[in-house]
Amino acid sequence: MSGTTTDLWQAVLGQLELSVSAANFNTWIKTLSLSENIGKKATIYTPNFMSKNYVEKKFGPAIFEAITKIDPKVMTVSFEVKKTSKKDRALEDVFGKKPTPYQDTLKNPTAREIAQKPSSSLEQPPAQTSLQASYTFDTFIVGSSNRLAFSAAQLVVEKPGTAYNPLFLYGPAGVGKTHLMWAIRNEIAKTQPNSKSLYITSEEFINEYVNAIRKGNNFTNKYRQADVLFVDDMQFMAGKEKTQEEFFHTFNALHQNAKQIVLCSDRPPKEIPTLEERLRSRFEWGMVADIAPPDLETRIAILLNKAASQNIPLDQDTAEYIANTVENNIRELEGALTKVIGHSRALNQDISLELVQLVLGNILPKKPQLSVKSVLEKTAQYYEISLADILGVKRGKDIVLPRQIAMYIMREDLHLSYPKIAINLGGKDHTTIMHGAKKIEKMYKTDSDFATELGQLREFINA
């Protein structure tokens with residue numbers, strides 16, 4: 001991509017992250033890329049046909065609006081499946097499978113990363129932005145869901161490289177993992193100003209390793225000279241055998257020299273599919289701490305703290321209503337408050353329970369409850385087959401696999417018994433259901449590409 005195109009796409013991603021939920025952004029938007037040459041027409045590349053169909057239908061208008069807002073000369077936006085290049089096929093010999101689209105170029109930063117501009121050089125952290133400065137221990141609201149992780153992070157600052165090394169933080173999106181990671185980095189920068197810290201995502205690590213192989217460059221020195229290494233989104237290293245091998249040696253070199261390692265993931269090491277056992281065991285050497293979705297009291301405290309930091313009056317009852325409306329994600333919780341504040345200012349009204357009910361009633365409609373019907377219908381739609389095919393007896397691979405996936409989702413997400421699933425699938429034998437669900441469970445744990453696909457399907461079903 002040219003510099004201009006790269007800047008455009010980064011800006012578009014920034015716009016989309018503000019308007020799309022974190023789950024949708026990470027599952028669908030981050031897998032997209034923009035064509036190199038654009039004029040009146042911009043082409044968005046998707047990794048596969050299922051992604052193309054879903055993204056075009058669900059996010060097409062938002063993407064068009066974001067692109068044309070930043071570059072008014074663009075008149076149309078089209079979606080195409082990214083073709084495999086000769087370069088990608090050559091890399092199959094190295095990685096054992098086709099690289100994901102973002103391995104061909106440096107990762108497109110999200111809005112959060114654009115704002116933070118984390119340094120990938122081994123220098124002292126640059127002058128902080130207001131967003132970076134807000135990521136401190138003082139602004140982190142501690143509750144029952146994150147107390148262990150918070151205490152471990154503080155101890156890492158007191159005794160880097162010796163207390164908990166590595167510190168492995170895990171939890172779903174939007175619960176504060178990145179906040180804690182940056183709090184550690186910011187505090188170490190204050191207490192040990194000569195310390196060399198390096199923040200990077202696993203995707204960036206993969207991309208740099210790929211580029212080093214292509215160019216024949218030395219890859220090891222940059223990371224092994226760090227005093228503190230922060231690696232975010234470790235789950236994306238699953239299935240990358242050569243990259244895992246390189247990270248294994250980097251990990252060992254740092255650990256043996258008592259250099260601190262802090263890792264983040266959306267799941268614990270033992271649940272990252274196709275992660276090498278030697279890496280899994282090393283990730284568990286130090287402290288593995290989970291950060292769960294915040295409880296009601298913590299959510300209320302977060303809202304009151306954010307409102308107070310902006311000198312916005314917010315009473316307890318109103319904060320409790322918002323906290324009961326948005327339950328699992330701190331980003332969405334703060335986003336809901338931001339929208340309430342925006343409406344309050346636009347209408348020149350104080351924030352009241354009535355105003356909050358009006359605003360959140362419009363922007364946060366209740367999701368339809370997950371049901372057998374929605375699982376079956378959306379699985380059929382996702383794989384472009386008919387509902388009759390899933391319920392029927394056809395044995396073609398393109399039908400059997402979606403049928404087994406539906407069995408697995410009904411078992412795992414709806415918690416149905418095997419006989420109950422059999423009834424819902426037209427009276428099949430329950431041992432057939434058991435076999436199908438177990439097969440999908442095994443594929444999920446051993447095949448990272450399939451795990452990603454299953455995650456996309458679940459997101460589609462729950463959308």
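Predicted model: local features only at pLDDT ≥ 70, side-chain atom pairs only at ≥ 80, totals over all residues.
## Overall composition

The protein contains 23 helices and eight strands. Of its 463 residues, 48% count as buried. Where contacts join residues at least 6 apart in sequence, 73% of them are between residues at least 24 apart.

## Helices H14 and H15

Helix H14 spans residues 296–309 and helix H15 spans residues 316–325; their axes come within 9 Å and cross at roughly 120°. That angle makes H14 oblique to H15, because an angle from 65 to 115 degrees would count as roughly perpendicular and one over 145 as roughly antiparallel. The crossing of these two helices is right-handed.

On the H14 side, the contact is made by Leu296, Arg299, Ile300, Leu303 and Leu304. H15 contributes Gln316, Ala319, Glu320, Ile322, Ala323 and Asn324. By class, the residues of the contact between H14 and H15 comprise seven nonpolar, two polar and two charged.

## Helices H18 and H23

A further crossing involves helix H18 (residues 372–382) and helix H23 (residues 448–462), with axes that come within 9 Å and cross at roughly 125°. H18 is therefore oblique to H23. The crossing of H18 with H23 is right-handed.

From H18, the residues that meet H23 are Ser374, Val375, Lys378, Thr379, Gln381 and Tyr382. Their partners in H23 are Glu453, Gln456, Leu457, Phe460 and Ile461. This contact of H18 with H23 has five nonpolar, four polar and two charged residues. The buried residues of H18 are Val372, Ser374, Val375, Leu376, Thr379, Ala380 and Tyr382. Just after H18, Glu384 takes a positive phi of about 55°.

## The Phe137 and Phe150 pair

The structure holds 11 aromatic pairs. In one of them, the ring centres of Phe137 and Phe150 are 5.6 Å apart and the ring planes stand at 90°, so the pair is edge-to-face. Planes over 60 degrees apart fall into that class.

Phe137 lies in the loop between helix H7 (130–134) and helix H8 (147–158), while Phe150 belongs to helix H8. The two residues are 13 residues apart, and their pairing links distant parts of the chain. Phe137 has a relative accessible area of 12% and is therefore buried. Phe150 also counts as buried, because its relative accessibility is 11%. The cut-off for a buried residue is under 20% relative accessible area.

Phe168 and Phe283 form a tilted aromatic pair, with 5.7 Å from centre to centre and 35° between the planes. Phe168 is in strand E4 (residues 167–170), whereas Phe283 is in helix H13 (residues 277–283). This pair, too, links distant parts of the chain, with its members 115 residues apart. Both Phe168 and Phe283 are buried.

Ring pairs also place these two residues in a cluster. The cluster links Phe168, Phe205, Tyr223, Phe247, Phe251, Phe283 and Trp285.

Note on methods
Residues numbered from 1 in each chain as written. Heavy atoms only, no water. Axes fitted to C-alpha atoms, helices over the stretch in contact; angles between N-to-C directions. Helix = DSSP H or I, 4+ residues; strand = E, 2+ residues; numbered from the N terminus. Parallel < 35°, antiparallel > 145°, perpendicular 65-115°, else oblique. Left-handed = near helix turned anticlockwise from the far one by under 90°. Contact = heavy atoms within 4.5 Å. Nonpolar A, V, L, I, M, F, W, Y, C, P; charged D, E, K, R; others polar. Phe/Tyr/Trp six-rings, centres within 6.5 Å; stacked < 30°, edge-to-face > 60°. Buried < 20%, exposed > 50% of the residue type's maximum accessible area, 1.4 Å probe, protein only.
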